[in-house]
Amino acid sequence: MSHTKSGRLEPGQYRDAFLVFIVTKVSTETLNQFLKQAYDQPDVQGALCVITSKDIASVTHESRPPIDAPTSPFLGWPLEAVNDYVEEHVRTREPLSEKFYVVLDEETARNAKSCVLVENVVQRRRRYAEKRLSPTPGYEGDEKVKYVRITFEDVLQTASALDFGAGDMQELVDNEEVDT
């Protein structure tokens, strides 16, 4: 099985495409299970893009199973470092979302059923400052990210809903509504 590219990403094709960062060794089986379960939901609006290079311009297609687990350039990276990468490289790269992204981590490798959905809080603060809005409760601090562990089945729909503005990550963090 080779790394298959599916569906070229074109501006306007998706509301958003969410990057998937692999920060620990994840099996091909787990990666394909993640993609299949994320896409195998009704009314999926977004796309997932497994990032295999630090060159963001190389992200031109959504990732659909079956694919081989790539060698990730982000192995061992903490969430804050991944977020710094997103801040530096993803801005204005439509349709790639700079607001939300997914991380496959050690727990993903162990349980093969959950991943981390991350909100780029730096981007949120910048957007609010540009519009001269007061911070939303829970977003007043200096943290760079907010995140929640979420099931493979729920990650794409939740990311799309949050990106659209239906609720915010703080609600998920506060209420621990997402089962793993």
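Below is a chat about a predicted protein model.

Biologist: Hi! Before I get going, what should I know about the model and its numbering?
Modeller: It is a predicted model, so to speak of its ground rules: local features need pLDDT of at least 70, side-chain atom pairs count only at pLDDT 80 or more, and totals for chains, interfaces and linings use all residues. Residues are numbered from 1 along each chain as its sequence is written, and side-chain values use heavy atoms, with hydrogens and water left out.

Biologist: Thanks. How many helices and strands are there?
Modeller: The protein has 6 helices and 7 strands. Helices (H or I, at least four residues) and strands (E, at least two) are DSSP runs, numbered from the N terminus. Along the sequence the pattern reads β-β-α-β-β-α-β-α-β-α-β-α-α.

Biologist: And what share of the residues is buried?
Modeller: Of the 180 residues, 47% count as buried. Buried means under 20% relative accessible area, exposed over 50%, and partly exposed in between (1.4 Å probe, protein chains only).

Biologist: Which residues sit on each side of E6?
Modeller: Ser 114, Val 116, Val 118 and Asn 120 are on one side, with Cys 115, Leu 117 and Glu 119 on the other, and all of these are buried. In a regular strand the side chains alternate between the two faces of the sheet.

Biologist: Nice. Which strands does E6 pair with?
Modeller: E6 pairs with strand E5 (residues 100-104) in the antiparallel sense over 4 bridges. It also pairs with strand E7 (residues 145-151), again antiparallel, over 7 bridges. Two strands pair if DSSP finds at least two bridges between them.

Biologist: Why is E7 called largely enclosed?
Modeller: Because 5 of the 7 residues of E7 are buried, E7 is largely enclosed by the rest of the structure.

Biologist: Switching to cysteines: how many disulfides come out?
Modeller: The count is 0 disulfides, a disulfide being a pair of cysteine sulfur atoms within 2.5 Å. Cys 49 is buried at 0% relative accessibility, and Cys 115 is buried with a relative accessible area of 0%.

Biologist: Now Leu 31. Where does it lie, and is it buried or exposed?
Modeller: Leu 31 lies in helix H1 (residues 28-39) and counts as buried, at 0% relative accessibility.

Biologist: What is it in contact with?
Modeller: Leaving aside neighbours within four places in sequence, Leu 31 is in contact with Ile 22, Val 26, Val 50, Ile 67, Asp 68, Ala 69, Pro 70 and Leu 104. Contact means heavy atoms within 4.5 Å. Leu 31 and Ala 109 are 78 residues apart in sequence, and their C-alpha atoms are 9.0 Å apart.

Biologist: Last one: what does Asn 83 touch?
Modeller: Asn 83, in helix H2 (residues 79-89), is buried at 0% relative accessibility. Not counting residues up to four places away in sequence, Asn 83 touches Tyr 101, Glu 119, Asn 120, Val 122, Lys 144 and Val 145.
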